[in-house]
Amino acid sequence: MSLTQTELSQFQRQGFLLKSGLFSSEDLKPLQDALTEIIDQGARELQADGSLTDIYADQPFGLRLASIHAENEEAGEELARRVMGKGGGGYNGPAMLQTIRHPALLSCIESLVGPDIVGSSVYRIRPKLPGWDRGEVPWHQDAGYTLAHCDRHLIITCWVPLVDATLENGCLHVIPTVHHSGILRHYTGGHAGFLEVPDEELPPVEPVPVPMKAGDALLLTNLTPHASFANRTNVVRWSIDLRYQNANVPNNVEEEPASYTPERDPVTMACYPPEADFVIRDQSDPAREVHSADQFRQLRERYETTRPSTPGRGWTPLQDR
Ligand SMILES: O=C(O)CCC(=O)C(=O)O
């Protein structure tokens, strides 16, 4: 399922590509089940302490957390936080690694970055709750979050909805063709604490909303501006975003998190120091590839406990604009 020449040209010209039906419903199920397990366990605890009257076990994936949130907003947000973890990649079990290593997806990624692939540290799980302010992500390029020396490298974001993503529940919007023009000015402390490029400073190109079916995959460059807006439905818009790069793009594979000291020159650092990168494919030394769920979890947890600091890019706070 690698990309055709037409798809490659479209990706290069537009800065994004929609691959329909990349994941079947069977492919998505292990991850949906693992996330449901976290919700189930949390709901039982919240019911036991009197915060919920019901654990909504009979509700389908898209509705269960929404029903909990509708009964008790705080309980819904607490469970969303458990899934997301500190940054957004809170669940790191076998189904996550299996999804990141999905063969058809990796073939597409190989078409874009070559055969030696590193899984970039930053994957995210996003349960966008109905009406939840924090679920809205303002305009940004993913490169806004990585160190400046990585702007000239391609890092692919792959955004996959686990339920249908619609205009009403907050699908992704992208600004096409402007990824060739480099990094935009971002500001810290934007909507819900995210980095933000304010509307007035966006390039004058009409944004495109991208409604998607569960299991479609949207491939973006790290310089493609994108955003998502309010969820005005009664379902949770569940999605994941994964990141991949060529093995030569700066990364922290086989580096000790403790080596990321404030004195270290940023240009010697991984694109996003706080989280662990890992080898997905290495043609000349397949033994380096991470296939074991235990290895994946240990790697991520080692970075979670040490949490290397990032020198950041010195973006100005939005309020000082
Ligand atoms: O899922 C969303 O709403 C936003 C996703 C996003 O900003 C990203 O994948 O970088």
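Is E254 buried or exposed in this model? E254 is exposed, because its relative accessible area is 63%, where exposed means over 50%, buried means under 20% and partly exposed lies in between, with a 1.4 Å probe and protein chains only.

Before the tour begins, please note that this is a predicted model, in which local features need pLDDT of at least 70 and side-chain atom pairs count only at pLDDT 80 or more, while totals for chains, interfaces and linings use all residues. Residues are numbered from 1 along each chain as its sequence is written, and side-chain values use heavy atoms, with hydrogens and water left out.

**Stop 1: the ligand**

Select the ligand and the residues around it, which number 13, and of these H140, W159, H226, S228 and R237 come nearest; here a residue is near a molecule if one of its heavy atoms lies within 4 Å of it. By composition, the shell around the ligand has 3 nonpolar, 5 polar and 5 charged residues, where Asp, Glu, Lys and Arg count as charged, where Ala, Val, Leu, Ile, Met, Phe, Trp, Tyr, Cys and Pro count as nonpolar, and where the others, Gly among them, count as polar.

Now colour the strands, which are DSSP runs of E with at least two residues, just as helices are DSSP runs of H or I with at least four residues, both numbered from the N terminus. At least two residues of the shell come from each of β4 (137-140), β5 (155-161), β10 (226-228) and β11 (237-246), and β11 gives the most, with 4 residues.

Next, show the side chains of D142, W159 and R237 in turn. The side chain of D142 has an N or O atom 2.9 Å from an oxygen atom of the ligand, the side chain of W159 likewise has an N or O atom 2.9 Å from a ligand oxygen, and in R237 a polar side-chain atom lies 2.9 Å from an oxygen atom of the ligand. The ligand taken alone exposes 290 Å², of which the protein buries 98%, with accessible areas coming from the Shrake-Rupley method and a 1.4 Å probe.

**Stop 2**

Move on to R243 in strand β11, which counts as buried because its relative accessibility is 10%. The side chain of R243 is joined to that of T157 by a polar contact of 3.2 Å, a polar contact being a pair of N or O atoms within 3.5 Å, of which, within protein, one must be able to donate a hydrogen and the other to accept it, while residues adjacent in sequence count only if both atoms are side-chain atoms.

**Stop 2: the loops**

Which loop holds H179? H179 is found in the loop between β6 (172-174) and β7 (187-188), where it counts as buried because its relative accessibility is 9%, and its side chain makes a polar contact of 3.3 Å with the side chain of H180.

T177 has its place in the loop between β6 and β7, and it counts as partly exposed because its relative accessibility is 37%. T177 has a positive phi of about 70 degrees although it is not a glycine. Most residues other than glycine have a negative phi.

Return now to E254, which lies in the loop between β11 and β12 (278-281) and has a positive phi of about 60 degrees although it is not a glycine.

**Stop 4**

Select helix α6 (residues 103-113), whose buried residues are A104, L105, L106, C108, I109, L112 and V113; the helix is followed by G114, whose phi is positive, near 100 degrees.

Finish at G50, in the loop between α2 (25-48) and α3 (61-71), which is exposed because its relative accessible area is 61%. From G50 to D265 the distance is 51 Å, C-alpha to C-alpha, and the two are 215 residues apart in sequence.
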